[in-house]
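Here is a short report on one model.

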Amino acid sequence: RPDFPPALKPHEEFVVANRDCVPMQPGTESTKGPTNSNKHWTSFILTENASDAIGILNNSASYNKMSVEYKYELMPNRSWRCQVYLQDHCLAEGFGTKKTSKHAAAEEALKILQKMQSNIATIKVTQVQKVGCSSRGSGRKKDLKDLVVYENSSNPVCTLNDTAQFNKMTVEYVFERMTGMRWKCKVLLEDEFIAEAVGVKKSVKHEAAEEAVKILKKTQPTVVNNLKKGTVEDVISRNEIRGRSAEEAFKQKIKEDNIGNQILRKMGWTGGGLGKDGEGIREPISVKEQFKREGLGLDVERVNKIAKRDIEEIIRNYARSDSHIDLTFSTELNMDERKQIHQIAQKYGLKSKSHGQGHNRYLVVSRKRRKEDLLDQLKQEGQVGHYELIMPQAN
């Protein structure tokens, strides 16, 4: 009944012992490890390494070796009041259910502590993302004066990552949480600071990378991969691949010494189409690749299919040649055909990469070039295939 007090609970349910084995009063929660009772609550240092106020307060308490206690009191209107005590000092309070009152009190306490930023140091959470090969194991740190910016995309983060891999260096993105939702992102190449930006975490990495690319281009040469500037003549179309199948079929045309040809002639066939009036087929049924459980010669909706052997012939001839121009396959190819090209390119020790989205997706097969070889050739010729060399904008 509402006029009755709540049922009493066993005393041990209220008692929570801390690491010092000090029993607590009923209706109290505590977060403390080995504590120092001589510290004043105003020297409390925030460590913003949690997503909510309760986590930040509890982690900060462990860092400072101070005590944070949450004391509850049931109000006459059946709601709860939660008070936050920092080093036995009542810092803030919140109201609601037993759960929500704790969150409300912790958020209010965090606001009070953040207002004291001028007097309280704040330990920033740091996150590091690393891309590329480290040179630390070799015992010799790479010099940034030899760095070449490799621009294969309009996205600055991709440009930095590709640059690190192209130069066999490491690029690091170091995130530091500022006040509220703001973060600082620093870009380091081979542990050397390049640029930084401050903003929301979702976009701050992109902004820092964009600034870093601008700075590097002022002093370092840039190799640009102009794949999208390739002319139509540079693209291997579906018809060009299928044309090889037609040539191969003509070469393999059944001759007069073929046993089938001889049998037909004994039956009265003199050439041309089959049948009494020559209205039948003129060429024998060609053997095509079998898909799923389709029968021999079935070519329904596969007239435009290209053969794997023709793709392999193109890639094999390229691998054996001295050509420095990349193979660019048309956007006409489907996903399965691009997959075959990737596999064949790997078989012959070549690189392959798809670019673009949806119907505009195309594939490029290229040689594995050393940075030094490509640079020497670009310095002599200015442009090699899709690659172009742009010298620094400033000394």
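The text below describes ring pairs, a helix and a loop.

This is a predicted model, in which local features need pLDDT of at least 70, side-chain atom pairs count only at pLDDT 80 or more, and totals for chains, interfaces and linings use all residues. Residues are numbered from 1 along each chain as its sequence is written, and side-chain values use heavy atoms, with hydrogens and water left out.

Rings of Phe, Tyr and Trp (its six-membered ring) pair if their centres lie within 6.5 Å; planes under 30 degrees apart count as stacked, over 60 as edge-to-face and the rest as tilted. By this rule there are 2 aromatic pairs.

| Pair | Centre to centre | Angle between planes | Type |
|---|---|---|---|
| Tyrosine 72 and tryptophan 80 | 6.4 Å | 85° | edge-to-face |
| Tyrosine 150 and phenylalanine 166 | 4.8 Å | 20° | stacked |

Tyrosine 150 is in strand β8 (residues 149-151) and phenylalanine 166 in helix α3, so their pair ties together parts 16 residues apart in sequence. Helices (H or I, at least four residues) and strands (E, at least two) are DSSP runs, numbered from the N terminus.

Buried means under 20% relative accessible area, exposed over 50%, and partly exposed in between (1.4 Å probe, protein chains only). Tyrosine 72 is buried at 11%, whereas tryptophan 80 is partly exposed at 25%.

The charged end of lysine 98 sits over the ring of tryptophan 80, 5.2 Å from its centre. Such a charge is NZ of Lys or CZ of Arg within 6 Å of the ring centre and within 35 degrees of the ring normal.

Asparagine 167 lies in the loop between α3 (156-166) and β9 (170-177), and is buried, with a relative accessible area of 4%.
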